[in-house]
Amino acid sequence: MGRNTKIKICGLTKPDEATYLNEEKVDYAGMVLFFEKSKRNITIKQAEQIMKKLDKRIKRVAVVVKPSLDQVKEIEQAGFDLIQIHGEVRQEILEETTIPIWKAFNVSDMQDFETYQSMERVKGYVFDAAKPGSGETFDWKLMDRIPRDHKLLMLAGGLNQENVAEAIRYLHPDGVDVSSSVECTDRQEKNQTKVKDFVKAVRTV
């Protein structure tokens, strides 16, 4: 089960962190762009430096909030494989983007789920806690009412090496998404040992 579960390490801020993901052969690397409220926000140029060090087999995911079409075009030009959008997805983006979209949902804000479910450009969903990026968990029973379809379902929100196996057994997501729990306690930076331990916990389910 866990061996087939996709793994996304999100919120990369430094090129050296790419080597941790390469060594563990994770599936996705997430970078926060155009959102200064986030402590993990980086520039396109910084993202390009990180992507240069990433194994080509790892998909690059741009994580954004209510992006403009111009911002999406910058993301495409930088070489990202996917765009994860929190908040509103503008119609012009749905019409003109050339890379797949993951729509992020807060579990407390699901009224538009069916609308996005029917959009061909939306290839997957990321389900997060009420406060995305907070590292807080949510009641997984809230996911029971969400219909499953052929699109990728990623679970985020407070996952760590202690609870991710339980989450996989309970929800059977296609993938899991982690950021804060694999960071150093004293600084805003990914911790190689924590990344390794998280990946091991997923793959030994």
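Analyst: Helices (H or I, at least four residues) and strands (E, at least two) are DSSP runs, numbered from the N terminus. This is a predicted model, in which local features need pLDDT of at least 70 and side-chain atom pairs count only at pLDDT 80 or more, while totals for chains, interfaces and linings use all residues. Residues are numbered from 1 along each chain as its sequence is written, and side-chain values use heavy atoms, with hydrogens and water left out.

User: Which residues of helix α2 are buried, and what puts them on the same side of α2?

Analyst: They are Ile44, Ala47, Ile50 and Met51, in the helix that runs over residues 44-53. Buried means under 20% relative accessible area, exposed over 50%, and partly exposed in between (1.4 Å probe, protein chains only). These four cover an arc of only 115 degrees around the axis, so they sit on the same side of α2; the arc is that of the directions from the helix axis to the C-beta atoms. Turned away from that buried side is the face with the exposed residues Lys45 and Lys52.

User: Why is Phe105 called buried?

Analyst: Phe105 has 2% relative accessibility, so it counts as buried. Tyr116, at 9%, also counts as buried.

User: What makes Phe105 and Tyr116 an edge-to-face pair?

Analyst: Rings of Phe, Tyr and Trp (its six-membered ring) pair if their centres lie within 6.5 Å; planes under 30 degrees apart count as stacked, over 60 as edge-to-face, and the rest as tilted. Here the centres are 6.0 Å apart and the planes at 70 degrees, so the pair is edge-to-face. Phe105 is in strand β6 (residues 101-106) and Tyr116 in helix α5 (residues 113-117), so the pair ties together parts eleven residues apart in sequence.

User: Which residues do ring pairs link into a cluster?

Analyst: The cluster holds Phe105, Phe113, Tyr116, Tyr125 and Phe127.

User: How do you know that the charged end of Lys103 sits over the ring of Phe105?

Analyst: The rule asks for NZ of Lys or CZ of Arg within 6 Å of the ring centre and within 35 degrees of the ring normal. For Lys103 over Phe105, the distance from the centre is 4.7 Å. Lys103 also has its charged end over the ring of Tyr116, 5.0 Å from the centre.

User: Why does Arg40 count as buried, and what does its side chain contact?

Analyst: Arg40 lies in the loop between β2 and β3, and its relative accessibility is 6%, so it counts as buried. A polar contact is a pair of N or O atoms within 3.5 Å; within protein, one must be able to donate a hydrogen and the other to accept it, and residues adjacent in sequence count only if both atoms are side-chain atoms. The Arg40 side chain makes one with the side chain of Glu183 at 2.8 Å, and another joins it to the side chain of Ser179 at 3.1 Å.

User: What makes Phe34 partly exposed, and where is it found?

Analyst: Its relative accessible area is 29%, so Phe34 is partly exposed. Phe34 is in the loop between β2 and β3. Its phi is near 55 degrees, a positive value in a residue other than glycine. Most residues other than glycine have a negative phi.
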